[in-house]
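Work through the exercises below with the model open. Try each task before reading its solution.

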Amino acid sequence: MIGSQMTKTYVANKLSQKIDQSKTMGASSESADKLLSICTTALESKGGAAAAVAAPAAACPPQTPCPQCAATAPAAAPAAAAAAGGEAPKVPLIELPEGIKNVIINIGTNYNPIMPPEDDPTTMVIAVEPILETAARIKKHPRLSVILAAIASGDGRFQTMQVHNVGGASSSLAAPTNKNAFWVGTKKDGWPSHQIVPVMSMATLLASIPRTVNIKHLKTDMQGFDFAAISSAGRMIRRIPEVYAEVYVGTASYEGVHNDLWKDFEPYMKEMGYKRTTENVKKRGEDNAMW
């Protein structure tokens, strides 16, 4: 009660100071006094500001936040809110090489990204690969830029990535559902291991590319996070005419992910105005689809 009373007194004093300033700047005395009365009454009815502060609820795992957690996470809020509203997050624009008019984005490249077309000097590739050793093996090209990061929902955080398979080919922000799968590895294989990686949203990546540049194609191979990344872009994903993604059908290779072709991708991509162009997909397991 002592802490609550002190908090109310402090807040009331601050309000009085602000209202005195408002009066000095020309606000009416009646409206200023009314505002003070409303705020003071609200504090008293809540039992004080200190009593109104509740213990935070348990959060979802960071790799798959639920809508409530995503909305309240401070790091994720700016980009997520902007993308959901159809507007680009306010981020600095990247400077592309002179003469570049088109961009291809390849996320989860391993060490074999899409390479820039030799017959089109106006097109470059932005490759996103979070594993340091793998990214170091990517062949250099003047029109290929490699971003060392993971893409998922949310923005501006660090997270532990589980490294699996040769060259980190099956690495993910989530744990594998089958701990005995060959690609999970053993100590003898030298994996699994762990690596701390920066995480950014698709909305931030797209907003960083100048609007004067065409994004021709997006390819994702993200070990369960393809849908999380694509949906994190909101309506900004419409900048890209072709989307090619790894999808799951009826099962998932990683825990807690939402990456199902029929439950997740199809309803969302239709809402965004896309039509799937790949007709034959597996009845169960991992596959790829294009819209």
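**Exercise 1. State what share of the chain is buried, and describe its overall make-up.**

Solution. Buried residues make up 44% of the 291 residues in the chain. Buried means under 20% relative accessible area; exposed means over 50%, and partly exposed lies in between (1.4 Å probe, protein chains only). This is a predicted model: local features need pLDDT of at least 70, side-chain atom pairs count only at pLDDT 80 or more, and totals for chains, interfaces and linings use all residues. Residues are numbered from 1 along each chain as its sequence is written, and side-chain values use heavy atoms, with hydrogens and water left out.

Next, take the surface. The chain exposes about 16100 Å², an area from the Shrake-Rupley method with a 1.4 Å probe, where for residues only the protein chains shown count as cover. Carbon and sulfur atoms supply 57% of that area.

Then count elements. The chain has 9 helices and 9 strands. These are DSSP runs numbered from the N terminus: helices are H or I with at least four residues, strands E with at least two.

Finally, look at contacts (heavy atoms within 4.5 Å). Among those with a separation of 6 or more, 65% join residues 24 or more positions apart.

**Exercise 2. Give the strand order of the open sheet of 6 strands and find its edges.**

Solution. The order is β3-β2-β1-β7-β8-β9, with mixed pairing. Two strands pair if DSSP finds at least two bridges between them. At the edges stand β3 (144-147) and β9 (285-290). Each has a single partner strand, so one side of each is left without a neighbour in the sheet. From one strand to the next, the twist averages 20°. Helix α9 (residues 261-271) packs on the sheet and touches β8 (243-249) and β9. The direction of α9 makes about 150° with that of β8. Axes here are lines fitted to C-alpha atoms, for helices over the stretch in contact, and angles run from 0 to 180 degrees between N-to-C directions.

**Exercise 3. Classify Ser201, Ser208 and Lys283: buried or exposed?**

Solution. Ser201 sits in the loop between β6 (193-200) and α7. Its relative accessible area is 2%, so Ser201 is buried. A polar atom of the Ser201 side chain lies 3.2 Å from the backbone nitrogen of Thr204.

Ser208 lies in helix α7 (residues 202-208). Ser208 counts as buried because its relative accessibility is 10%. Not counting residues up to four places away in sequence, Ser208 touches Val91, Pro92, Leu93 and Ile94.

Lys283 belongs to the loop between α9 and β9. Lys283 is exposed because its relative accessible area is 83%. From Lys283 to Gly250 the C-alpha distance is 7.7 Å, across 33 residues of sequence.

Methods
A polar contact is a pair of N or O atoms within 3.5 Å; within protein, one must be able to donate a hydrogen and the other to accept it, and residues adjacent in sequence count only if both atoms are side-chain atoms.
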